[in-house]
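Look over the sequence and the structure before reading on.

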Amino acid sequence: MPLELRIEITRPGREGIRLAGRLSEDGGLIKKPVTWKLIRTLGNGAKGGEPVYTDFQPVADIPLEPGNYRIEARYGSVSTVKPVVLAKGQHLSLTFVFNVGGLRTLSTLGNEPLPGPARAVHKAYAINGTSAGELIATSAVQGGLMRLGAGTYRLESEIEPGNTVTHTQVTIKPGILTSLSLDHEAGIAVVDAPAGVPWFVASREKNWRRSGIGPGVLTLAPGSYTYQDNDQTRTVIIVAGERTKVRAGD
């Protein structure tokens, strides 16, 4: 991770370390909180040590005794570790370049807002780099912001409660906010079970099952399902873009 380092000479007893971050090399200082952790260590500071400072703020200016330290910094999904040596009569200013961009995600159903009480869960998986294939960030808020390191990601959107999933690929650039809308092809199952009555819905084509009690609403991928309540069972066909009332007595 790129790092800007400035060393200032100060009087003994006024030593310290100032920590800040940038989204990109040519960007301004980050104004949102960054997670900072400072650990006093022996040797090169790679492992072990005693934590002397932990906070969550944009800029940290910490008075410290001269010695060996390890800085652990995190912004969004990006983290870094940097060993430093603070000499007597020095004040160090370190600015980390996180190379982070923003991703706002919004999920729709047939290009319309999601029906209540549905919610979308967005997951970003790394496609390249040492973290390829790993889940990097999750957001369950419509229009929520995920702060991701520069790179290419597989973005998945899953609507809950239900079983519909859609995905796309997105490239994140440092200091740039990207907004995406992911549209689902699905239908709405309105469960018309009496209050207090248990029920379940299971896909006849995939390994998926959901249970509940009383009335409910599910967002389902098109296909054939089995529905049961009060020991009565029926087959339900879900069509994209349509609302289907589901009850065992039909």
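## A charge over a ring

Arg209 sits over the face of Phe200, 3.9 Å from the ring centre. The model is predicted.

## Aromatic pairs

Searching the whole structure gives five aromatic pairs. One of them joins Trp36 and Phe96, with ring centres 5.9 Å apart. Their planes lie at 40 degrees, so this pair counts as tilted. The partners come from distant parts of the chain, 60 residues apart. Trp36 belongs to strand E3 (residues 34–41), and Phe96 belongs to strand E8 (residues 90–97). Both Trp36 and Phe96 are buried.

Phe96 also pairs with Phe98. Here the ring centres are 6.3 Å apart and the planes are at 40 degrees, so the pair is tilted. Phe96 has a relative accessible area of 2%, under the 20% cut-off, so Phe96 is buried. Phe98 is buried too, with a relative accessible area of 2%. Ring pairs link Trp36, Tyr75, Phe96 and Phe98 into a cluster.

## The cavity

How many cavities of 30 Å³ or more are there? The count is one. The largest cavity holds about 30 Å³ of space.

Its lining is made up of Ala189, Val201, Leu220, Tyr225, Tyr227, Val236, Ile238 and Val246. Strand E20 (223–229) and strand E21 (232–238) are the elements that give two or more residues to this lining. By class, the lining has eight nonpolar residues, no polar residues and no charged residues.

Note on methods:
Residues are numbered from 1 along each chain as its sequence is written. This is a predicted model: local features need pLDDT of at least 70, side-chain atom pairs count only at pLDDT 80 or more; totals for chains, interfaces and linings use all residues. Side-chain values use heavy atoms; hydrogens and water are left out. Rings of Phe, Tyr and Trp (its six-membered ring) pair if their centres lie within 6.5 Å; planes under 30 degrees apart count as stacked, over 60 as edge-to-face and the rest as tilted. Helices (H or I, at least four residues) and strands (E, at least two) are DSSP runs, numbered from the N terminus. Buried means under 20% relative accessible area, exposed over 50%, partly exposed in between (1.4 Å probe, protein chains only). A charge sits over a ring if NZ of Lys or CZ of Arg is within 6 Å of the ring centre and within 35 degrees of the ring normal. On a 1 Å grid over the protein atoms alone, a cavity is a set of points where a 1.4 Å probe fits but cannot get out, and a pocket is an open set with protein on both sides within 12 Å along at least five of seven lines; lining residues have an atom within 4 Å of a point. Grid points are joined across faces, edges and corners, and a volume is the space filled by probe spheres set on the points. Ala, Val, Leu, Ile, Met, Phe, Trp, Tyr, Cys and Pro count as nonpolar, Asp, Glu, Lys and Arg as charged, and the others, Gly among them, as polar.
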